[in-house]
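I opened this notebook to keep track of what I looked up, one entry at a time. The entries follow the order in which I turned to each topic.

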Amino acid sequence: IELTLFEGKFHQIRKMCAAIGHQTMRLLRISMEELQLHDFVPGSVAEYTKEEFFKKLKLDPADKVINC
């Protein structure tokens, strides 16, 4: 099963699957905003500048809640 969730709550996918009788064995996050994770293999590394990282996650680097 492939699901797209735009805003998730605590264990939402597991609960949705359980509601239709499917047990969730494993979940894979493949992207967050514009940051694509499906091309990575375990142990691989991608380097981004602070500006690139914030842009991909659609975050404002001037936001005082974010401390980098």
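**Entry: a nonpolar patch.** I began with the surface of this predicted model, where Ile-1, Leu-3, Leu-5 and Met-16 form a nonpolar patch whose accessible area together is about 400 Å². I then took Leu-5 by itself and found it in the segment before α1. Its relative accessibility is 38%, so Leu-5 counts as partly exposed.

**Entry: confidence.** Among the elements, α1 has the highest mean pLDDT, at 92, while β1 has the lowest, at 82. I keep a caution beside these values: where pLDDT is low, the predicted coordinates should not be read in detail.

**Entry: overall build.** I counted the elements next and found 2 helices and 2 strands, which follow the pattern α-β-β-α when read along the sequence. For the extent of the protein, I noted that its C-alpha atoms fill a box of roughly 45 × 30 × 15 Å along the principal axes. The radius of gyration is 16 Å, whereas a compact globule of 68 residues would have one near 11 Å. Buried residues make up 7% of the 68 residues, and the accessible surface comes to about 6,500 Å², of which 55% belongs to carbon and sulfur atoms. I also looked at contacts between residues at least 6 apart in sequence, and 14% of these join residues at least 24 apart.

**Entry: salt bridges.** How many salt bridges does a search of the whole structure find? The search gives 2, and I went through both in turn. As a reminder to myself, side chains of opposite charge can pair when their charged atoms come close.

In one of them, the side chains of Lys-9 and Glu-7 meet at 3.0 Å, N to O. Lys-9 is exposed, because its relative accessible area of 56% lies over the 50% cut-off. Glu-7 is likewise exposed, with a relative accessible area of 57%.

Lys-58 forms a salt bridge with Glu-33, and the closest N and O atoms are 3.5 Å apart. This pair links distant parts of the chain, 25 residues apart, since Lys-58 is in the segment after α2 (50-56) and Glu-33 is in the loop between β1 and β2. I checked the exposure of both partners: Lys-58 is exposed, with a relative accessible area of 54%, whereas Glu-33 is partly exposed, at 49%.

**Entry: positive phi angles.** While I was at Lys-58, I noted its backbone as well, for Lys-58 has a positive phi of about 55° although it is not a glycine. His-11 also has a positive phi of about 55° without being a glycine, and I found His-11 in the segment before α1. With 39% relative accessibility, His-11 counts as partly exposed.

**Entry: Thr-24.** Is Thr-24 buried or exposed? Its relative accessible area is 17%, and buried means under 20%, so Thr-24 is buried. I located Thr-24 in the loop between α1 (12-19) and β1 (31-32). Leaving aside residues up to four places away in sequence, Thr-24 touches Ile-13, Arg-14 and Cys-17.

**Entry: Gln-36.** I then moved to strand β2, residues 35-36, where Gln-36 lies. Gln-36 is partly exposed, with a relative accessible area of 35%. Which residues does Gln-36 touch, not counting those up to four places away in sequence? I found Ile-30 and Ser-31. For a sense of distance, I compared positions with Lys-9: the C-alpha atoms of Gln-36 and Lys-9 are separated by 21 Å, and the two residues are 27 residues apart along the chain.

**Entry: Asp-60.** Asp-60 and Phe-40 are 20 residues apart in sequence, and from C-alpha to C-alpha they are 25 Å apart in space.

Methods
Residues numbered from 1 in each chain as written. Predicted model: local features only at pLDDT ≥ 70, side-chain atom pairs only at ≥ 80, totals over all residues. Heavy atoms only, no water. Helix = DSSP H or I, 4+ residues; strand = E, 2+ residues; numbered from the N terminus. Buried < 20%, exposed > 50% of the residue type's maximum accessible area, 1.4 Å probe, protein only. Contact = heavy atoms within 4.5 Å. Salt bridge = Lys/Arg side-chain N within 4 Å of Asp/Glu carboxyl O. Patch = residues over 30% accessible without salt bridge, like charges linked within 9 Å, V, L, I, M, F, W, Y side chains within 5 Å. Areas by Shrake-Rupley, 256 points an atom, 1.4 Å probe, with all protein chains shown as cover. pLDDT = per-residue confidence, 0-100. Rg over C-alpha atoms; globule rule 2.2 N^0.38 Å.
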